[in-house]
Amino acid sequence: MNERCVIIKYFLRQYFNDDVSEMANGTGYSAMTINEWASGNVIPNHSTIAFIQGVIFTPEFSVIEEFFEIDSKAKILSQLKEMYAGHEHRSGIYAFYDSMANLLYVGKATNLLEETYSALRRDSEIIFPAGITNKNVMRHQVVKYISAYDVKLFENFDYPKHVESLILRISKPTMNKQIGILNKANPLPSL
């Protein structure tokens, strides 16, 4: 069997649960074409392998909710369950905003519901101008809106962490203590 057909079979088994229709939906190729490649009857082009590899390994970013309004007097967990309906256990990024839609906090999660709920229940110190005493409050008392994004997580690469780090370095939200870590880009070697 041709090596490209073997690669197609590997991708099908490893990343699409051996489900041809799932691979067809994910890549845009027909189920019949994928079956032809997997059986070795037709050899896929090199560009086809590269495209399918890109589909598999390129992070997907999807909006779950933007500026979901939180009522600080209502039960937070039930509001989060409503917001995350169908995405509760997904990985991703979430952001907290105040009543003026100023970014307060950005977090990454391997389980969006649990980690957002945990972050909302933490204390935060509000820093006031000189002459006014700073005050500790629960974050959910300050947060008015939450945005959440589904970011695909891979076994060997934590995309949510890198997305969070980039956002933190650019926006520097007031409730985040760290600004994120990014690797320094090295010049490409000349050919």
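Start by selecting strand E2 (92-97): E2 is mostly covered, with 6 of its 6 residues buried. Keep in mind that this is a predicted model.

**Stop 1: the two sides of E2**

Show the side chains of E2. Gly-92, Tyr-94 and Phe-96 point one way. Ile-93, Ala-95 and Tyr-97 point the other way. In a regular strand, side chains alternate between the two faces of the sheet. Both sets in E2 are buried.

**Stop 2**

Which residues pair with Gly-92? In E3 the bridge partner is Ala-109, and in E6 it is Asp-150.

**Stop 3: Asp-150 and Arg-90**

Stay on Asp-150 and show its side chain. It meets the side chain of Arg-90 in a salt bridge, 3.4 Å from N to O. The pair links distant parts of the chain, 60 residues apart: Asp-150 is in E6, while Arg-90 is in the loop between helix H5 (76-83) and E2. Is Asp-150 buried or exposed? At 6% relative accessibility, Asp-150 counts as buried. Arg-90 is partly exposed, with a relative accessible area of 40%.

**Stop 4: Glu-69 and Lys-144**

The structure holds 2 salt bridges. For another, select Glu-69 and Lys-144, whose side chains meet at 3.1 Å, N to O. Glu-69 is partly exposed, at 46% relative accessible area. Lys-144 is partly exposed too, at 27%.

**Stop 5: helix H5**

Go to H5 and pick its buried residues: Ile-76, Gln-79, Leu-80 and Met-83. Look down the helix axis. The buried residues fall within an arc of 100 degrees, so they line one face of H5. An α-helix has 3.6 residues a turn, so residues three or four places apart point the same way. What covers the buried residues of H5? The cover includes E1, helix H6 (112-120), H7 and E6.

**Stop 6: a surface patch**

Select Leu-166, Ile-170 and Leu-182, which make a nonpolar patch of about 290 Å². Leu-182 sits in the segment after helix H8 (159-171). Leu-182 is partly exposed, with a relative accessible area of 35%.

Conventions. Residues are numbered from 1 along each chain as its sequence is written. This is a predicted model: local features need pLDDT of at least 70, side-chain atom pairs count only at pLDDT 80 or more; totals for chains, interfaces and linings use all residues. Side-chain values use heavy atoms; hydrogens and water are left out. A salt bridge is a side-chain nitrogen of Lys or Arg within 4 Å of a carboxyl oxygen of Asp or Glu. Buried means under 20% relative accessible area, exposed over 50%, partly exposed in between (1.4 Å probe, protein chains only). Helices (H or I, at least four residues) and strands (E, at least two) are DSSP runs, numbered from the N terminus. The arc is that of the directions from the helix axis to the C-beta atoms. Contact means heavy atoms within 4.5 Å. Patches are made of residues with over 30% relative accessible area and no salt bridge: like charges are joined within 9 Å, nonpolar side chains (Val, Leu, Ile, Met, Phe, Trp, Tyr) within 5 Å. Accessible areas come from the Shrake-Rupley method with a 1.4 Å probe; for residues, only the protein chains shown count as cover. Two strands pair if DSSP finds at least two bridges between them.
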